[in-house]
Amino acid sequence: MPTITINGRKCDFSPGQTILQVANANTVEIPQYCYHEGLSIVASCRICLVECHAPNPKTGAIEPFMGGKLLPSCQQTAMDGMVVYSDSPKAVANQKSVMEYLLINHPLDCPVCDQSGECFLQDYSYEYGRGVSRFEEQKVKQPKKDIGPHVYLYSDRCIMCTRCVRFTREVSGTSELMVLGRGNKEEIDIFPGVPIANELSANVIDLCPVGALLDKDFLFAQRVWFLKETPSIDPITASGDNITIHHNEGKVYRIKPRINMQVNKHWITDEVRYGWKFVHSEDRLRSPLRKQFGVHVECDYTKAYDDAIDGLRRALGNYKRIALLVSPMLTCEEAYLLGTFIRKLDPNAIIGIGPVPMIGQDKVFPAGMKEDHPKAFKMYAEKAPNARGVKRILTGMFGEGQIYSYDAFLRKLGLGTGSSDIGAVVVTGNYPKDWTSNDLVTSLSGKFTVLIDTLHNPLVDRADIVIPGATFAEKAGTFENAKNILQAFEQAIPLIEMAKSEGQIALDLLAVLAGKDAPIDKQVSLVVETTPGQVAAGFQITTPYAEAFNAAKVREQMAAAFPSLNALATNVSMPALPVAQEADMQVIDL
Ligand code: SF4
Ligand code: FES
């Protein structure tokens, strides 16, 4: 394998890689602004210039390359035997000059800038800049602009790296952004009357290395150094985009993409980025409810579980069947545990999969690019994260042909015929908005109904027992995306009030079914070790008598119980653990 030496470190590389790519892959730090792995290379910011020496093809002696002038490491391909310095006096002098030039018109408003704490200009200023400014003239001031539904432009912080412009040309294919003017009057802008409003628009906020493009939704919401990051998976569409949940003190503040070249590459859609709001909705179900004299009253879990199991058993006692509707918003582990519970109660139960919302058509960005092109990004019309996973689990448990689609399930409930042999139904929801239909509510009429859901909806009024479920941010589990890739995610924040993950609810119900006389309403803190795919530091309402939900353990159990589900033990990709950041300056305890 060819090798290159960067700042004294020998690195292997593949032919075609640039010096900067080799350095990044080997964690050798070279400053960079305009370079981004997912965009074309323009070599315009000039901070990555390095001094290169290469072997003379005739003599083999190491000599200055290209006459010894500084070269952009983001553009210069690596050559076997090359010796590169980004820390030589010449390279360092360039870094200082570039930093001084970039800061000439910068407002230096870090204390009020949202990017502060994750700003390349701030970091490089500290590492490669000068301590003082020699600029005494008036700075160019540019107005702040509202350039789209999600994006504010603070032009005077811009360093003209053009990442954002290239993104709209090369990835979204919508070209809303442009460079206007020349010299120190140069600025980023939209075309008159054409906001940046494509479905991927907010990726430019992540791309901007400084605080010039800011997220309206996150504006002044939280200082970034307070945020904790938990790797997760897109919870609302079939794409399985890899995301990171940024949260603090039990509240989600934003969602950012995680790189996965197989799935979402570097990007996410705006619908995934802003699709988490239901986690903190006022409409969340927060306590178990049971019907008493026709009206709902809040109750503890002991009563809710006892009543639920009594109602289901009553239906069986009346020679009726029971049914389970598993939502495609639930995880594989939850589908398995709910299926196990129903199977224990009634081996002939009817099992259906909840509605899979479809909105519009699949879209490929940029428009016209083939879906399998390495640069293409696909947005799925299917708005459920785990329809395939739920089907895989239930089919593995109950057999091919035993799982009903939503429409077939409604027919089994008697929709259209008015007759059904089903006497009781367990329904799960967990959709980000009202998902129920008149058909479902009507077909449940006269049947004992247990609803496990997260948001208020018309079915809540209809159900006999309501149990509050957990959103994706409050639990761990596995989703299977549209490409049949199984991906695990972790719990980011503690559960809201009395809510429980559907997996824990199923385990509790199994414990009650097994006759374990338990104080199920008791709240116990449960901190599971921080292994990937497992609860990071969460709390569940559980009981010493029911087993605590552990996603990794459930995956092992289902693979052992059903050989057809072996993929859950062998093929689940785990989120990479966040890299611990070490301060390179003295930290003072306050
Ligand atoms: S707005 Fe940000 S991403 Fe766009 S050119 Fe300026 S610094 Fe670069
Ligand atoms: S990163 Fe190389 S010139 Fe900008």
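**Helices H2 and H3**

Helices H2 and H3 are oblique to each other, a word used here for angles that are neither under 35 degrees (roughly parallel), nor over 145 (roughly antiparallel), nor 65 to 115 (roughly perpendicular). In this predicted model, H2 covers residues 89-103 and H3 covers residues 120-128, and their axes, which come within 10 Å, cross at roughly 135 degrees. Axes are lines fitted to C-alpha atoms over the stretch in contact, with angles from 0 to 180 degrees between N-to-C directions, while helices (H or I, at least four residues) and strands (E, at least two) are DSSP runs numbered from the N terminus.

**Helix H8 and its partners**

Helix H8, made of residues 332-345, packs with helix H14, made of residues 551-561, at an angle of about 60 degrees, and the two axes lie 9 Å apart. H8 and H14 are therefore also an oblique pair.

Helix H13, which runs over residues 502-513, is another partner of H8: their axes come within 8 Å and cross at roughly 25 degrees. Because of this angle, H8 counts as roughly parallel to H13.

**Two points in the backbone**

Phe365 and Pro366 are joined by a cis peptide bond, for which omega is about -10 degrees. Pro366 belongs to the loop that lies between strand S19 (363-365) and strand S20 (377-379).

Met160, although it is not a glycine, has a positive phi of about 55 degrees. Its place is in the loop between strand S8 (151-154) and helix H4 (163-170).

Residues are numbered from 1 along each chain as its sequence is written, and chains are lettered from A and ligands numbered from 1 in the order in which they are written. Local features need pLDDT of at least 70 and side-chain atom pairs count only at pLDDT 80 or more, whereas totals for chains, interfaces and linings use all residues, and side-chain values use heavy atoms, leaving out hydrogens and water.
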